[in-house]
Amino acid sequence: MQTIEKINLADKFKQIADFWNPRIAGELNGQQVKLAKFKGEFDWHHHEHEDEFFLVVSGSFEMHLRDKVITLNPGEFIVVPRGVEHKPVAPVEAEVLLFEPATTINTGNLQNSDRTRLNLERL
């Protein structure tokens, strides 16, 4: 039987020193809870088969869509539907919780990007 333990987000985020490199903090029903720090601009991309959930824990970031920009602050989240092109931009450091299918690759359709992470570290 699997051990049930609580997760302290602040403690987990302290283990992350780089940006745009998600780590797995938990798993359930084929989904993964990922933690990442954002700073600067990411790449325009989309996910053909997966929706993405972004929750700001601290800091803030902007989700750039082709027709608008949505600013997210602590305690706010956004769901980006599959197929929608998007680009996260964080003028200051942001700590972000992502919830998405385990098959989701962080760079979506840009799988040859130097930011692509295929084998995520577990926290």
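The search runs on a 1 Å grid over the protein atoms alone, and a cavity is a set of points where a 1.4 Å probe fits but cannot get out. Before you click further: this is a predicted model, so local features need pLDDT of at least 70 and side-chain atom pairs count only at pLDDT 80 or more, while totals for chains, interfaces and linings use all residues. Numbering starts from 1 along each chain as its sequence is written, and side-chain values use heavy atoms, with hydrogens and water left out.

**Stop 1**

The largest cavity has a volume of about 120 Å³, where volume is the space filled by probe spheres set on grid points joined across faces, edges and corners. Select Phe38, Phe42, Phe54, Leu98 and Asn106: of the 13 lining residues, these are the closest to its centre. Lining residues have an atom within 4 Å of a point. Strands S2, S3 and S7 each give two or more residues to the lining, with S7 supplying the largest share, three residues. (Strands are DSSP runs of E, at least two residues, numbered from the N terminus.) What is the lining made of, by residue class? It splits into eight nonpolar, three polar and two charged residues. Here Ala, Val, Leu, Ile, Met, Phe, Trp, Tyr, Cys and Pro count as nonpolar, Asp, Glu, Lys and Arg as charged, and the others, Gly among them, as polar.

**Stop 2: the cores**

Now pick Phe38, Phe54, Phe61, Met63, Leu72 and Val96, which have the most contacts inside the largest nonpolar core, a set of 16 residues. Such a core joins buried Ala, Val, Leu, Ile, Met, Phe, Trp, Tyr and Cys residues through side-chain atoms within 4.5 Å; buried means under 20% relative accessible area, with a 1.4 Å probe and protein chains only. Strands S2 (31-41), S3 (52-58), S4 (61-65), S6 (77-80) and S7 (86-101) each give two or more residues, and S7 gives the most, with four. A second, separate core of six residues includes Phe13, Ala25, Leu35 and Leu97.

**Stop 3: Arg23**

Finally, jump to Arg23 in strand S1 (residues 23-28). Is Arg23 buried or exposed? Buried, with a relative accessible area of 8%. Its side chain makes polar contacts (N or O atoms within 3.5 Å, one able to donate a hydrogen and the other to accept it) with the side chains of Asp18 at 2.8 Å and Glu121 at 3.4 Å.

Notes:
Buried means under 20% relative accessible area, exposed over 50%, partly exposed in between (1.4 Å probe, protein chains only). On a 1 Å grid over the protein atoms alone, a cavity is a set of points where a 1.4 Å probe fits but cannot get out, and a pocket is an open set with protein on both sides within 12 Å along at least five of seven lines; lining residues have an atom within 4 Å of a point.
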